[in-house]
Amino acid sequence: MTTSIWNRRVMPGCLGAVLAALGVLQLFPAPALSAEYVLGPQDKIRLKVVEWRAGKAEYYEWVPFGGEYTVNPAGRVSFPMIGEITAEGRTSDQLARAVTAELYKRTGLMGAQEAAVEIVQYRPFYVLGDVDRPGEFAFRPGLSVLQAVSVAGGLQRLSETGKRDQITAGGNLEAARLELRRTYIRRARLEAELAEQKTITLPPELAGEDVGSLLAEEATILTTRRDALQSQLTALSELRSLYENEIVSLESKRVTQAKQIALAQRELNTVGTLVDKGLAVTSRQFALERMTADLQSGMLDVETALVRAKQEMRKTERDATDLVKDNKAKVSADLREAKASIEQLINRMNMSETLAVEATMSLRMAPNEGGGRSLVYWIQRRKDGALMTFAAGEGTLVEPGDVVRVEVHRAPNAAASASRKGVATAESNSGSYATIVSQSGEQ
């Protein structure tokens with residue numbers, strides 16, 4: 001396993017010797033802050049270009065060039081018309097002269113224009129290790145290591161962190177426990193709904209617990225859903241009855257229509273015979289033929305309406321069957337989801353309880369604020385393309401882009417004593433979160 005310079009188990013007095021012996025990292029003496037600031041990636045600058053117009057005895061600002069620019073990761077800045085110019089490794093004055101030279105190449109106006117570069121925002125620095133809020137911070141000139149630590153919230157207060165973690169874990173545990181109770185009863189309600197029962201059986205996991213209000217809520221949901229389903233089925237049943245009555249009426253009408261057609265056809269046959277013998281006029285025959293055709297057309301309308309009514313009745317029956325099937329499918333899907341949620345909630349409770357135990361152990365193992373520990377500061381800095389790391393003191397000046405590492409080392413006897421006490425307490429609690437919180441409060 002590669003030894004890291006940040007390994008906390010190495011004591012301050014022998015840390016440098018151990019790392020040097022392993023050949024992991026070359027240590028450098030703390031360098032002094034440069035007299036002039038050198039630009040680098042993430043620095044933000046403001047450029048201003050002016051031109052002296054002798055004819056009017058005034059300065060004219062080249063507005064298109066003015067503005068703020070950021071040094072890109074390659075250490076260059078892209079300007080309008082000029083293109084990219086290297087900024088890394090240059091001071092602001094050197095970059096301004098380089099811009100002026102490029103402008104001369106473009107315009108040929110020697111000495112007429114001049115650029116000025118101002119640093120608007122320095123690249124950030126970073127604080128890591130045993131601080132309250134590690135992360136990235138804005139740099140300001142003259143910043144010391146001690147000031148950098150204060151910007152990061154000061155040294156990490158393990159006792160406060162442990163209490164905060166303990167409270168958070170306790171809240172998560174109680175929330176998961178409440179949600180688990182609710183899900184158990186929801187599962188029981190879905191099982192009752194799937195079995196078409198009117199009451200909910202109390203889950204065995206909640207025997208002896210006060211869940212009357214939760215049970216009442218789910219019972220109300222069960223009743224409401226059952227009544228809604230029954231109302232829809234009743235509406236479909238009534239619609240089916242209407243179609244049945246319509247079918248009966250159409251069947252009767254078809255019988256009557258068939259009789260009328262038969263009588264008209266018989267009379268038409270009789271009149272046709274008389275017309276053939278010259279005993280009846282033709283107009284009488286035509287009238288009977290037209291009446292017979294109308295009766296037959298009406299018969300077709302009745303039969304069409306009868307077929308439509310039968311189709312609608314069968315559709316209503318299918319709708320009722322599909323409604324019951326869809327309801328059971330939805331209840332089954334909800335039941336599977338409830339069972340999966342129960343497993344997830346149990347895992348969440350176990351995790352929250354574990355975190356509560358760890359938070360309590362961390363709280364008990366926290367070192368006293370008054371002593372028993374020493375501080376070690378390290379700075380990681382890139383210089384001339386090389387990355388170097390050196391030990392620092394509270395007054396060491398920080399440069400932009402630096403990574404400040406803070407380490408708190410406790411005396412071996414204090415750490416061992418706290419560790420033994422925390423482990424013994426955790427074992428005696430046997431994983432009980434309530435006991436842990438109670439004992440922590442007594443301390």
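This note sets out, in numbered points, the main features of a predicted structure.

1. Basis of the values. The model is predicted, so local features are given at pLDDT of at least 70 and side-chain atom pairs at pLDDT 80 or more, while totals for chains, interfaces and linings use all residues. Residues are numbered from 1 along each chain as its sequence is written, and side-chain values use heavy atoms, with hydrogens and water left out.

2. Overall composition. The protein has eight helices and 11 strands; these are DSSP runs, numbered from the N terminus, with helices (H or I) of at least four residues and strands (E) of at least two. Of its 443 residues, 33% are buried. Here buried means under 20% relative accessible area, exposed over 50%, and partly exposed in between, with a 1.4 Å probe and protein chains only.

3. Surface and contacts. When contacts between residues at least 6 apart in sequence are considered, 66% join residues at least 24 apart. A contact is defined as heavy atoms within 4.5 Å.

4. Strand E1 and its partners. Strand E1 (residues 44–53) runs antiparallel to strand E3 (residues 67–70), with four bridges between them, and antiparallel to strand E6 (residues 113–121), with eight bridges. Two strands pair if DSSP finds at least two bridges between them. Leu47 has a bridge partner in each of these strands: Gly67 in E3 and Val117 in E6.

5. The E1–E2 hairpin. E1 also pairs with strand E2 (residues 58–61), again in the antiparallel sense, over four bridges. The bridge partner of Arg53 in E2 is Glu58. Four residues lie between the two strands of this hairpin, and Ala57 in the turn has a positive phi of about 55°.

6. Aromatic pairs. The whole structure contains four aromatic pairs. Rings of Phe, Tyr and Trp (its six-membered ring) pair if their centres lie within 6.5 Å; planes under 30 degrees apart count as stacked, over 60 as edge-to-face and the rest as tilted. Tyr69 and Phe79 form an edge-to-face pair, 4.8 Å centre to centre with 65° between the planes. This pair links Tyr69 in strand E3 to Phe79 in strand E4 (residues 76–79), 10 residues apart, and both Tyr69 and Phe79 are buried.

7. Phe125 and Phe137 form a tilted pair, 6.0 Å centre to centre and with 35° between the planes. Phe125 lies in strand E7 (residues 125–129) and Phe137 in strand E8 (residues 135–137), so the pair ties together parts that are 12 residues apart in sequence. Both Phe125 and Phe137 are buried.

8. Thr183 lies in helix H4 (residues 158–194) and counts as buried because its relative accessibility is 6%. Apart from its neighbours within four places in sequence, Thr183 is in contact with Ala338, Ser341, Ile342 and Leu345. Asn350 belongs to helix H6 (residues 282–365); its relative accessibility is 43%, and Asn350 therefore counts as partly exposed. The C-alpha atoms of Asn350 and Leu173 are separated by 8.2 Å, although these residues are 177 residues apart along the chain.
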